Amino acid sequence: MSFLKLEGISKHYGDFAAVVDTTLHIEKGEFVSLLGPSGCGKTTTLQMVAGFAQPTRGRIILDGRDITQVKPSQRGLGIVFQSYALFPHMTVADNVSFGLEMQGLPAAERRQRVKATLNLVHLEALAERYPRELSGGQRQRVALARALAIQPPVLLLDEPMGALDAKLREEMQIELRALQHRVGVTTIMVTHDQAEAMTLSDRVVLMNKGEIEQVDRPLDMYERPSGRFSSTFLGKANVFDGTRAQAGAMFETQGHKLPSNDQGIGELSYIVRPEKINFTDQSALLRGKVSARVFLGNHWLYQVQTTLGMMQVTLPNNGLPQVAEGDDVGLSWQAEHARLAPRAGGKR
């Protein structure tokens, strides 16, 4: 049985539906990311789990207990906000101890728990410092320690790395994943960062306009997107709308026939990732002209104008001369790398 269950929850503000009939089951110890653009409902969903927003409809079940009407302070969940919300007048140790005091733990047990938790996040040497004396990454770890010290059944993270610079964010992603593995706490994270979701998550919940578009493991969601939105929000993709008359036939779009091993007939979207495409002089599926190229260190990103429109191609940097802007090129890819998905209003 799932550890945390959202059963048909919705949240309306007047006529506006922030979250619509959302059902999600999360296993104990799982790390799940709610991913999507601004306004997609991911933060509202997290707030309903935390108890800060009351569902208009539906239930939230935690370890067999209905907590839909339970006050936030009585749910026992650990929460880390983007701002970290540390008390500036308290030391690191006192910040971590605060939740334990609210629980009424004896002083000796609080000290022991604080020491163990600070050791867990590698901050034991900074116990007597104040938040103003810490770096951004250290403040984030204090916020995590404060949330973990109460030994919550679920850890809720609201854009926890949004205030960090790119290099530190990458370092903290690795640290956070390792920490979650060590502790084994069920974790739900809200993020709009695709790389962050893929790096940290056991599963990604992709949301759009208040609804769930797709739930999957990061690799599966990337390689087998459910449609145009999933393919273009999680990474880059070339997407064409067209039709397929019967199973096994070629996909037809704008007078071109393209291969795919996927099943499905009718009105579909054809999806191929930029890194699956190669330049070729023979057996080209399409031809075009390179309109732009960008050097990104370990790979090159090309924009190629074709009769189907602008296509993106990424190729690894092997140190050899590359195709230049203005060059005519042939494009090819394998049928197993092309995905077919229902398009809006289409049938599959």
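A cavity is a set of points, on a 1 Å grid over the protein atoms alone, where a 1.4 Å probe fits but cannot get out; its lining residues have an atom within 4 Å of a point. The structure is a predicted model, in which local features need pLDDT of at least 70 and side-chain atom pairs count only at pLDDT 80 or more, while totals for chains, interfaces and linings use all residues. Residues are numbered from 1 along each chain as its sequence is written, and side-chain values use heavy atoms, with hydrogens and water left out.

**Cavities**

There are 2 cavities of 30 Å³ or more, a volume being the space filled by probe spheres set on grid points that are joined across faces, edges and corners. Helix α5 contributes the most, 4 residues; helices are DSSP runs of H or I with at least four residues, strands are runs of E with at least two, and both are numbered from the N terminus. By class this lining has 7 nonpolar, 2 polar and no charged residues, where Ala, Val, Leu, Ile, Met, Phe, Trp, Tyr, Cys and Pro count as nonpolar, Asp, Glu, Lys and Arg as charged, and the others, Gly among them, as polar.

The largest cavity holds about 60 Å³. Its lining has 4 nonpolar, 1 polar and 4 charged residues, and α7 (218-223) and β14 (266-272) each supply at least two of the lining residues.

**Salt bridges**

The model has 14 salt bridges, each a side-chain nitrogen of Lys or Arg within 4 Å of a carboxyl oxygen of Asp or Glu. Three of them are listed here.

| Pair | N to O distance |
|---|---|
| Arg 113 and Glu 109 | 3.5 Å |
| Glu 175 and Arg 141 | 3.9 Å |
| Lys 167 and Glu 171 | 2.7 Å |

Glu 175 lies in α5 and Arg 141 in α4, so this pair ties together parts 34 residues apart in sequence. Arg 141 is buried at 15% relative accessible area, and Glu 175 is partly exposed at 34%; buried means under 20%, exposed over 50% and partly exposed in between, with a 1.4 Å probe and protein chains only. Lys 167 and Glu 171 are 4 residues apart in α5, which means about one helical turn between them. Lys 167 is exposed at 60%, whereas Glu 171 is partly exposed at 38%.

Note on methods:
1 Å grid on protein atoms, 1.4 Å probe; cavity = no way out; pocket = protein on both sides within 12 Å on 5 of 7 lines; lining within 4 Å.
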